[in-house]
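Subject: Handover of a structure and notes on it

Dear colleague,

Please find the structure below, followed by an account of what was found in it.

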Amino acid sequence: MDGGRWRRVLSGIWRMLTVWAVSTLTMLALAGALPDFRLQSASGESATRIGVTAALGAGAFGLLSSLVWPLLVRALLLVPALVLGLLVFFLNGSLLLLALRISPFGQGEAAPETAVVVAAVMSAVASATGGALAVRDDDAYRRRLYRLADRRRRRSDGVPGPAGPGTVFLQLDGVGHDVLEAATEKGLMPTVAGWLGRSADETPRPRPTHRLTPWRTDWPSQTGASQLGILHGTNHDVPAFRWYEKDTREVMVCNRPSSAAELQRRAIDRTGDGGLLTVDGASRGNLFSGGAEQLALVLSIAARRGRRNRSRAGYFAYFSDPANAVRTAMSFAADVLREIGQSTRARFAEQRPRVKRGGLYPFIRAFATVVERDVVVAAVIGDMLAGRAAIYADLVAYDEVAHHSGPHSRDAAKILERLDRSLALIAQVAEHAPRAYRIVLLSDHGQSPGETFLGRFGLTLGDLVRAGCGLPVPRRAQRTHSGAEARAAVRAALRIPVEEGIEEHRPTRRSEPIVLASGNLGLVSFPDVPHRMSREEIDARHPALLSTLANHPGIGFVLVRSEEHGGVVLGAHGAEIPIEELSDELPGPLADFGPGTADAVRRTHGFPHTADIMVNSWYDPAEGEVLAFEEQIGSHGGLGGCQSRPFLMSPLALSEPVEEDEDLVGAEHVHRVLRRWLRESNGPQVPLDHESATLRGAGTRATGHDEPAPAHEQNPADA
């Protein structure tokens, strides 16, 4: 054994003994502070005997945690993820009681509820001590990565290594091009700034390794449409985040597992292949699989039961480590308290705009900012150490917080700092993976600030539509649920049916309209008419409706089918222009929304399931503000402002995304760029035959069978 290896072994032993000593002292302190926890008999013991009992108890607890915890987590893998996080404390308490029982002195005793507290404190202290030692030792973390990489290389002796570099696609959900630029300039994201060759202080600028390219979303600008297009090559017939389909009489919602599965199936049928990740790919934390075999927290398969649903298996890799489990549970609790404090401060400061952030929201936010982030990052690290060719992961923390705190708020800025630390960790792991990795950052959309339509005018879009139809308007407006991805992810993790109340979208009478909101995009459908109604038909039934909508100060424009012109865009003061005449030179009511708007509106107008009336909110180009039809002060889904301008950040080693005089427009265009980069990395994505593509896209092996991949082929994050 060479000198370097001896130093690593001795350093590891030293850290282990230090953690043991600190745990022993912690147990002694707790025994003195808690009346229901003691390490001596009723008649008393010598200090030496008490110390030995504490040392043996701490050592047994640590050993049991290391040996028993992975088995317990695997046995409890079917338990919902958040419930498992809460069980951490009770399981640790049980292990502590067992450790005290098997002590040769047999003197330790603790009440069950006290054992839970003692175990939690000891695990937290041990985790903090280990982390502090790693921080003090500059090479500790690097050595651990070497050990993991060496272990994998030894297992694969005689097996050829992966050919060519792999690619990691990291989606920062909801982070617009403007937000990323500002974050790098302010020093909030030093890792990203370094990749771009930027520095927020006077230090020398590093050499850039990446380029930053803005791109323009489709209409709608939301994760369902963008990610379906990016991963599967088409987002045809996705007119919003939620919409009503007259042929099935169902409301489709992008973050509902059954809807996500159906959208993925339609995309595979349309393109004829499984998606971006069909060749040795992994999909982590996404709405769709992208054709990957390795899946974790993928919503399109979350509705399945039994062995075919491997989406939740990604929790095992993280929660099998007791220190990680306790740390995440405590971080989860800390973030809940942080959100309560931030919302309370905003309320007392009377910040405007502001939305309600009570109820379950603090827990939903903590799931997105702590649990999902940690599990997804752990899964990505496992994929890289396994040498996967293509990895696509979605980090939703910023999008969730920005919806409720605002895209430029201090709360959202703190999330960007944490995301940057996750990126730095992934970049460090890339240095020790069995193959080189190219890290591509991108976002699916941005967010536009502004108060809600309800907050500005005291009524919802549904109320306005009912008034225009001559129907009674409720005295108290109902709140519209946020469409943020984290809400559905929490419900899927808890195994609560995610089929968000279809009944709430259904009118009391079939002749009444269904009004749905997707950010600042609204959809109005008349369920008793089997086809998409024309302007002429709507005017005949409700003569005041279209003019009421088009002339309202909170509405930017209205799109409706026309028997005479095919389609027409309506604006205030009687403005209207046929859809075929729209252009950047003749924008009509779309003038404030910028270049490319006419093409986006025309494309969505051609979808089979576009609503009878498409309503886009008012937009202030000077302030960049919109009016959300949902309870969000940072929104996306419609047109107007930064929501339609996400980013694509790629290594300089890859070819330019587009030519110098060309714009990157639409998620399908981004998909073609990413495919080209995979081919450049010697990872060709070969279109599959239809049957195999359907199976791969649904997350199963392309063998014509519905069985998951064998255990020896799975990533540890999926075990």
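Does Arg249 count as buried, exposed or partly exposed, and why? Arg249 counts as partly exposed because its relative accessibility is 49%; here buried means under 20% relative accessible area, exposed over 50%, and partly exposed in between, with a 1.4 Å probe and protein chains only. Arg249 sits in the loop between β5 (242-245) and β6 (250-253), and its phi is near 60°, a positive value in a residue other than glycine.

The basis of these notes is as follows. This is a predicted model, in which local features need pLDDT of at least 70 and side-chain atom pairs count only at pLDDT 80 or more, while totals for chains, interfaces and linings use all residues. Residues are numbered from 1 along each chain as its sequence is written, and side-chain values use heavy atoms, with hydrogens and water left out. Helices (H or I, at least four residues) and strands (E, at least two) are DSSP runs, numbered from the N terminus.

Confidence

The protein has a mean pLDDT of 80, and 67% of its residues reach 70 or more; pLDDT is the predictor's confidence in each residue, from 0 to 100. Over residues 305-309 pLDDT stays under 50, and the model has 8 contacts for them beyond four places in sequence. Residues 683-719 also have pLDDT below 50, and this stretch has 106 contacts in the model beyond near neighbours in sequence. Contact means heavy atoms within 4.5 Å.

The sheet of 7 strands

An open sheet with mixed pairing is formed by 7 strands in the order β4-β21-β10-β3-β9-β7-β8. At its edges stand β4 and β8, each with a single partner strand, so one side of each is left without a neighbour in the sheet. From one strand to the next, the twist averages 15°. Two strands are said to pair if DSSP finds at least two bridges between them. Strand β10 (residues 437-442) pairs with strand β21 (residues 647-651) in the antiparallel sense over 2 bridges, and Leu441 has Met649 in β21 as its bridge partner.

Two helices touch this sheet. Helix α21 (residues 667-680) packs on the sheet and touches β3 (166-172), β9 (390-395), β10 and β21, its direction making about 10° with that of β21. Helix α6 (residues 177-186) lies across β4 and β21 and runs at about 140° to β4. For such angles, axes are lines fitted to C-alpha atoms, for helices over the stretch in contact, and angles run from 0 to 180 degrees between N-to-C directions.

The sheet of 6 strands

Another open sheet has 6 strands in the order β12-β13-β17-β14-β15-β16, with antiparallel pairing. Its edge strands, β12 (514-518) and β16 (576-578), each pair on one side only. The twist here averages 20° from one strand to the next. Strands β13 (residues 521-525) and β17 (residues 613-617) pair in the antiparallel sense over 4 bridges, with Asn616 of β17 as the bridge partner of Leu521. Helix α16 (residues 461-468) packs on the sheet, where it touches β12, β13, β14 (555-562) and β17, and its direction makes about 150° with that of β12. Helix α20 (residues 597-605) lies across β14, β15 (566-570) and β17, at about 40° to β14.

Helix α12 (residues 361-386) has 26 residues and should span 38 Å at 1.5 Å a residue, which agrees with the 36 Å between its end C-alpha atoms; the expected span is 1.5 Å times one less than the number of residues. The helix bends by about 40° at Phe367, the bend being the angle between axes fitted to the seven residues ending there and the seven starting there. Just after α12, Gly387 takes a positive phi of about 80°.

The loop between α11 (322-348) and α12 holds Pro353, which is joined to Arg352 by a cis peptide bond with omega of about -5°. Gly358 is also placed in the loop between α11 and α12, and counts as partly exposed because its relative accessibility is 49%. The C-alpha atoms of Gly358 and Ile340 are separated by 7.8 Å, although these residues are 18 residues apart along the chain.

Other backbone features

Most residues other than glycine have a negative phi, and most peptide bonds are trans. A cis peptide bond with omega of about 25° joins Trp219 and Pro220, and Pro220 lies in the loop between β4 (210-214) and α8 (223-232). Leu297 has a positive phi, near 55°, and lies in the loop between β8 (294-296) and α10 (314-319). Leu297 counts as buried because its relative accessibility is 12%.

Yours sincerely
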